[in-house]
Amino acid sequence: MSLVQATWMDRLLRPVHRWVWLSAERRASKLFRFAETEADGGRDISRAAELTGDPLLRRLYLRHAQDEQRHCELFKQRGRSILEEMRLDPKRKKKFELNWLSPGERGLDDLRVDSEREDYLLAFLHISEKAAAARFVIYRDVLQRDPQTRAVFDNVLKDETFHMNYTYQQLVRVAPRGHGWPLWRARLNRLWKGYLRLAVALAAVLGSVMLLAQYFIILPIFAVLAKRAARRDPPGWFERNRPATLRGQY
Ligand SMILES: [Fe+2]
Ligand SMILES: [Fe+2]
């Protein structure tokens with residue numbers, strides 16, 4: 001069984017991850033969001049079990065789906081416990097979740113079971129599970145101050161490692177000669193989705209900056225010009241110099 005390691009980027013960002021997971025409120029909301037992704041992934045993998053004609057894959061997919069449902073329950077339970085503990089703390093403030101920096105089992109939320117070939121589906125699952133397992137390693141490592149949440153990640157990580165390994169072994173079984181391309185396709189797809197997420201996040205930031213600039217820089221200029229124009233107008237009602245014409249409205 002392959003050992004899972006955090007990526008070099010996540011290792012480099014370890015202090016940032018530690019800071020992200022330090023806030024109890026952020027921890028709870030992240031766990032709830034992770035639970036949603038796990039449940040969603042579990043449903044899609046159950047669908048894959050229905051669709052496959054391979055009895056071994058069906059058994060493995062069903063176990064996989066049960067695991068994801070169990071992860072959902074584990075994350076939810078821990079999230080609820082943290083919220084219970086937080087009720088005792090009246091000094092809490094709303095925190096940013098920073099989802100782009102520390103996502104959950106991302107990938108399963110992009111799963112399209114009905115339209116994928118078996119080898120492509122296995123490759124996609126393998127790459128997604130590998131990424132999730134690597135992320136859960138870093139989350140577990142930075143959660144030294146919260147041993148209960150750390151134990152949840154430790155527990156989930158064992159299953160993610162199994163998912164990562166079985167999907168690869170089955171991919172090699174299903175496509176013994178041609179499993180390189182499905183893996184590359186899944187990696188490229190993941191890269192593309194990552195780029196799209198980044199582009200959307202960047203567009204949102206740029207949109208906010210543009211609106212703020214319009215509000216604080218361009219709008220005051222127009223306000224000053226309007227005030228100047230108003231000063232030039234004579235006060236009160238005044239008659240127009242030009243005689244009214246019956247050919248137009250004014
Ligand atoms: Fe999972
Ligand atoms: Fe998984």
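This is a predicted model: local features need pLDDT of at least 70, side-chain atom pairs count only at pLDDT 80 or more; totals for chains, interfaces and linings use all residues.
1. Overall composition. The protein chain holds seven helices and zero strands. Read from the N terminus, its elements follow the order α-α-α-α-α-α-α. Of its 250 residues, 30% count as buried.

2. Contacts along the sequence. Taking contacts between residues at least 6 apart in sequence, 80% join residues that are at least 24 apart.

3. The pairing of H4 and H6. Helix H4 spans residues 55-87 and helix H6 spans residues 147-174; their axes lie 11 Å apart, and the two helices pack at an angle of about 165 degrees. Angles over 145 degrees count as roughly antiparallel, and H4 and H6 are therefore roughly antiparallel to each other. The crossing of H4 past H6 is left-handed.

4. Residues between H4 and H6. On the H4 side, the contact is made by Leu57, Leu60, His64, Asp67, His71, Leu74, Phe75 and Arg78. H6 contributes Gln148, Thr149, Val152, Asn155, Val156, Asp159, His163, Tyr166 and Gln170.

5. The largest nonpolar core. This core has 40 residues, of which Phe75, Leu122, Ala123, Phe124, Phe136, Tyr139 and Phe153 touch the most other members. Two or more residues each are given to the core by helix H3 (24-51), H4, helix H5 (118-142) and H6. H5 supplies the largest share, 14 residues.

6. Phe75 in detail. Phe75 is among the core residues that touch the most other members, and it also takes part in the contact of H4 with H6. With neighbours within four places in sequence set aside, Phe75 is in contact with Leu31, Phe34, Ala35, Glu38 and Val152. Val152 is one of the H6 residues in the contact with H4.

7. The crossing of H5 and H7. Helix H7 covers residues 180-232, and its axis and that of H5 come within 8 Å, crossing at roughly 55 degrees. This angle makes H5 oblique to H7. H5 passes H7 in a crossing that is right-handed.

8. Residues between H5 and H7. From H5, the contact involves Asp119, Tyr120, Ala123, Phe124 and Ile127; from H7, Pro182, Leu183, Arg185, Ala186, Arg187 and Arg190. These residues divide into seven nonpolar, no polar and four charged. Ala123 and Phe124, which belong to this contact, are also among the core residues that touch the most other members.

Terms used
Residues are numbered from 1 along each chain as its sequence is written. Chains are lettered from A and ligands numbered from 1 in the order in which they are written. Helices (H or I, at least four residues) and strands (E, at least two) are DSSP runs, numbered from the N terminus. A residue is buried if 20 or more other C-beta atoms lie within 10 Å of its own, exposed if 12 or fewer, and partly exposed in between; C-beta atoms are placed from the backbone. Two residues are in contact if their C-beta atoms, placed from the backbone, lie within 7 Å. Axes are lines fitted to C-alpha atoms, for helices over the stretch in contact, and angles run from 0 to 180 degrees between N-to-C directions. Angles under 35 degrees count as roughly parallel, over 145 as roughly antiparallel, 65 to 115 as roughly perpendicular and the rest as oblique. A crossing is left-handed if the near helix is turned anticlockwise from the far one by less than a right angle, and right-handed if clockwise. A nonpolar core is a set of buried Ala, Val, Leu, Ile, Met, Phe, Trp, Tyr and Cys residues joined through C-beta atoms within 7 Å. Ala, Val, Leu, Ile, Met, Phe, Trp, Tyr, Cys and Pro count as nonpolar, Asp, Glu, Lys and Arg as charged, and the others, Gly among them, as polar.
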